[in-house]
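Dear colleague,

Please find below the structure that I am handing over to you. A written account of the findings follows it.

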Amino acid sequence: MSLSTSHTDRSSKFLKDLGIYAIGNLGSKIITFAMVAVYTHFIDKSDMGYYDLCLTVIFLILPFVTLQLRDGAFRFLLETNDGEQRSQIVTFVYRTLLYSTAISLVATVLLAMFTSIDYVWYCFVLLIVMSFYEVVTQVARGLGDNVAFVTAGIISSLGIGVFSIVFVVVLPWGITGIFIANILARIVALAYLEMHMKIIATYFKFKIDIKQVSRDLIKYSLPLMPGALCWWLTGSSDRWFINHFVGLDANGVYAVAFRFNSIILILATIFYQAWQETAILQYNSPDRDKFFSKMFNSYIAVLAILLTAYSFTLKICYPVIVNANYQESVNYLYLMGISAVIFSLSAFFDMGYQCAKDTVSTLPAIIFATIINLVCNLLLVRYFGVYGAIVTSIITYLALFVWRLHDMKRYFKLTLYRSSIIAVAIILIGAIPFYFIDSMWLLLVYMIAACAVLLVTIPQETRAELRNKIQRKIGL
């Protein structure tokens, strides 16, 4: 097989996986996106802010309940087709989740006895359901059924949409309705996975030796737990600083902007999921550095296109989509988008640690970024409010990106193309028209012109592969 053929085959597989993940993620997140508009019309800003804080705490606890087995299960299942090894991994995963559920139940009982936290039991149930959902969907993905993985995501989001209409709009239960909708939707998705794949029926064994696999999985997953805590602090501490220095209303407005901005992160996640599988399987290929460099530079151009097209389109449509009480959140979108792009680029380098199973080495950079995040939030949010939190995110992820760019030389070497510098320049220049132009037509002109230039910056080989794939799909 020639080098060019090898590149084409790997790229074709990547694009196929990208298409599968795109269908699942976009289908599910469009529904989630629509729910933001619903929530802003039926939930008060202070209530929305409180629910966002509840979710923040749940995401903090989630890695400790799951022991980060979502990552370990996928990584180890992906590289084995042996039924016995798969049974060992799945059995260990389910046993661990059951033990964590029991411990969490005891902790919640004690918490309910000695505190008066609102919605504490709803938080507990959502935490457990999310724990099983996060891990089991990755088990399905590790077993090779990407279609089931994305279908479960669509079912979950569709369930959230339907149940939200019932419990938030028809029965105006407010935050309670949101909790119930999220809980029921994930239960339905888990039921689908079991009926479709029969994971428990096929792989869960009461009497099976799991000592070796448990040691390997724990060795891989446990170092990710302090990293998850740091990621929580980095990604969620801004809410607590905004709540403390500015107030719950501002936190509710910020939460709406963040949910819109998360569309960029979702699109980046589609790439990440497809790239994760491709990178792990191709890590030992002889032309790895060239292949990885092509993917990285293509990724920069694609992210720049996404940020430009999405942000400017959203600004034009914002008055129609979002309730008047939340309109000020449009001012945060572009800078938050820049933060999301930098974070997504730094996440690209996760593959080095995952491919080499060197998860311990992820910690120094994450701890460094967390310290920067907390210090900057403390200094900036006090004086600049929500903008201080957004600038903090940009500084944090930029520091993480620089660290990892240097650290990745241990695993693979990337070549940065000149066209990528152009893409970065367009991202930065885009802030000027976004914040200083209100004319819809001028915004459209800039968006179209910028996207046209960015399309040219995508590496020629990638453009050709995309064009050929599209032509095959439409039968040309």
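Predicted model: local features only at pLDDT ≥ 70, side-chain atom pairs only at ≥ 80, totals over all residues.

Residues are numbered from 1 along each chain as its sequence is written, and side-chain values use heavy atoms, with hydrogens and water left out.

Overall make-up

The protein has 19 helices and 0 strands. Of its 476 residues, 55% count as buried. Here, buried means under 20% relative accessible area, exposed means over 50%, and partly exposed lies in between (1.4 Å probe, protein chains only). The protein exposes about 21,000 Å², of which carbon and sulfur atoms supply 69%; accessible areas come from the Shrake-Rupley method with a 1.4 Å probe, and for residues only the protein chains shown count as cover. Among contacts (heavy atoms within 4.5 Å) between residues at least 6 apart in sequence, 86% join residues at least 24 apart.

In soluble globular proteins, nonpolar side chains tend to be buried together. In this model, the largest nonpolar core has 135 residues, and those with the most contacts inside it are Y39, V139, I199 and W275. Helix α11 (residues 248–282) gives the most to this core, with 16 residues. A nonpolar core is a set of buried Ala, Val, Leu, Ile, Met, Phe, Trp, Tyr and Cys residues joined through side-chain atoms within 4.5 Å.

The nonpolar surface patch

L105, V106, V109, L110, M113, F114 and W121 make a nonpolar surface patch of about 710 Å². Patches are made of residues with over 30% relative accessible area and no salt bridge; like charges are joined within 9 Å, and nonpolar side chains (Val, Leu, Ile, Met, Phe, Trp, Tyr) within 5 Å. Helix α4 (residues 83–114) gives the most to the patch, with 6 residues.

Salt bridges

Side chains of opposite charge can pair when their charged atoms come close. The structure holds 6 salt bridges, a salt bridge being a side-chain nitrogen of Lys or Arg within 4 Å of a carboxyl oxygen of Asp or Glu. In one of them, the side chains of R70 and E134 meet at 3.2 Å, N to O. This pair links distant parts of the chain, with R70 in helix α3 and E134 in helix α5 (residues 120–142), 64 residues apart. R70 is partly exposed at a relative accessible area of 25%, and E134 is partly exposed at 21%.

Another salt bridge joins D407 and R410, whose closest N and O atoms are 3.1 Å apart. D407 is buried, because its relative accessible area is 13%, whereas R410 is partly exposed at 49%. Salt bridges that share partners join R70, D71 and E134 into one network. D289 and R288 also form a salt bridge, the closest N and O atoms being 3.4 Å apart. D289 is partly exposed at 28%, while R288 counts as buried at 19%.

Individual residues

R75 lies in helix α3 (residues 69–78) and counts as buried, because its relative accessibility is 5%. The side chain of R75 reaches the backbone oxygen of Q354 at 3.0 Å. Not counting residues up to four places away in sequence, R75 touches Y220, I280, Q354, C355 and K357.

C123 is placed in helix α5 and counts as buried at 16% relative accessibility. Leaving aside neighbours within four places in sequence, C123 is in contact with C54, I58 and F179. C123 and I58 are 65 residues apart in sequence, with their C-alpha atoms 7.0 Å apart in space.

V188 is found in helix α7 (residues 175–197) and counts as partly exposed at 41% relative accessibility. Its contacts, leaving aside neighbours within four places in sequence, are I155 and F163. The C-alpha atoms of V188 and G159, 29 residues apart along the chain, are separated by 7.6 Å.

With kind regards

How values were computed. Helix = DSSP H or I, 4+ residues; strand = E, 2+ residues; numbered from the N terminus. Polar contact = N/O pair within 3.5 Å; in protein donor to acceptor, adjacent residues only side chain to side chain.
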